[in-house]
Amino acid sequence: MKKYRDIAGDGGSDIVGQVEAQQRRLRERLSAVRAVVAIVSGKGGVGKSALTANLASCLAQGGCRVGVLDADLNGPTMAKMLGVRGQRLVVAPAGVEPPRTSLGVKVMSMDLLLPSDSAPLTWDAETQHEAYTWRGSMEASALREFLADTNWGELDALLLDLPPGTDRLATVASLVAELAGTVVVTIPSDVAHLVVRKSITVAGQVKAPILGLVENMAGLFPGPDAAGLAREASIPFLGRVPFDPALAAAADRGEPFVAVAPESAAARALAEIAQALRSALSLPASAAPAP
Ligand SMILES: Nc1ncnc2c1ncn2[C@@H]1O[C@H](COP(=O)(O)OP(=O)(O)OP(=O)(O)O)[C@@H](O)[C@H]1O
Ligand SMILES: [Mg+2]
């Protein structure tokens, strides 16, 4: 798509037409997805991405057709955690073919497009001032492209791994009218709860229901009880995932922790949370694992 600077004279690039066409493609694409779910937390580093990777793997193990979109353009980690880093993207007439994990989860991430490990995402702008001005809308348009131009095919669930920041959900909700729900993540600390409370408020303002609050890294600090926070906010409490160094190690290796250590307390907690999501979203629970 052309950039705003390409428009000269009478604006012959028909940018409005291009955006409309992309929005049409986005609607068509998402009509084949049963439930789009955003994993959010205003707080950084609480385990949004690790939970997204493992919940996607749990759902796929249970027979759901699952996709993951890494909505963190500046700090993408999904390709690494899901073990598809370095795979080449194939562009087919139906769109970009997303790589699949060993459990069949389809993954799209900015990380699959960046040329090198150290290259951060830079926006095309003449001045830094202009970059800030356009950053928000560039982010939204990059996400729209990812959603619309990836050949997701038919999916039961598409999980969106959001970057930290309380404002990020509003951007995603403006793109995905059919958001099925949000999962809010916290850790047991007052500092996290302070920010997560704001995320719950923002999540309450978008049209999609809050599917619930997850306490991650449970037991790591003697912090406040997340079940109490959920009660106070009148949202479901989905459960606690214990802190387990093996979970972080599996994420670093790009392996689905729930598959490599299914008997661990953390994997069992993740399986229960996935089951709660499956029920809340009426997703299929077939015995046959996804291809
Ligand atoms: N329950 C857990 N036990 C042990 N390690 C965990 C757990 N959950 C997440 N981690 C690890 O903690 C680190 C931070 O997690 P993660 O990257 O998922 O957080 P995040 O909320 O997505 O961060 P960001 O806000 O930067 O996107 C990662 O190395 C991850 O593997
Ligand atoms: Mg993350």
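Which residues come nearest to ligand 1? Of the 23 residues around ligand 1, they are Gly-44, Gly-47, Ser-49, Ala-50 and Ala-248. The model is predicted: local features need pLDDT of at least 70 and side-chain atom pairs count only at pLDDT 80 or more, while totals for chains, interfaces and linings use all residues. Residues are numbered from 1 along each chain as its sequence is written, and chains are lettered from A and ligands numbered from 1 in the order in which they are written.

**View 1. The shell around ligand 1.** A residue is near the ligand if its C-beta atom, placed from the backbone, lies within 6 Å of it. At least two shell residues each come from α2 (48-61), β8 (210-218) and α8 (245-253), with α8 giving the largest share, 4 residues. Helices (H or I, at least four residues) and strands (E, at least two) are DSSP runs, numbered from the N terminus. The shell comprises 12 nonpolar, 8 polar and 3 charged residues (Ala, Val, Leu, Ile, Met, Phe, Trp, Tyr, Cys and Pro count as nonpolar, Asp, Glu, Lys and Arg as charged, the others, Gly among them, as polar).

View 2. Strand β2 (residues 66-70) is largely enclosed by the rest of the structure, because 5 of its 5 residues are buried (20 or more other C-beta atoms within 10 Å of their own, C-beta atoms being placed from the backbone). Val-66, Val-68 and Asp-70 point one way from β2, and Gly-67 and Leu-69 the other way. Pairing (at least two DSSP bridges between two strands) is parallel with β6 (residues 155-161) over 5 bridges, where Asp-70 has Asp-161 as bridge partner. β2 also pairs in the parallel sense with β5 (residues 106-108) over 3 bridges; there, Lys-106 is the bridge partner of Gly-67.

Note on methods: Buried ≥ 20, exposed ≤ 12 C-beta atoms within 10 Å, placed from the backbone.
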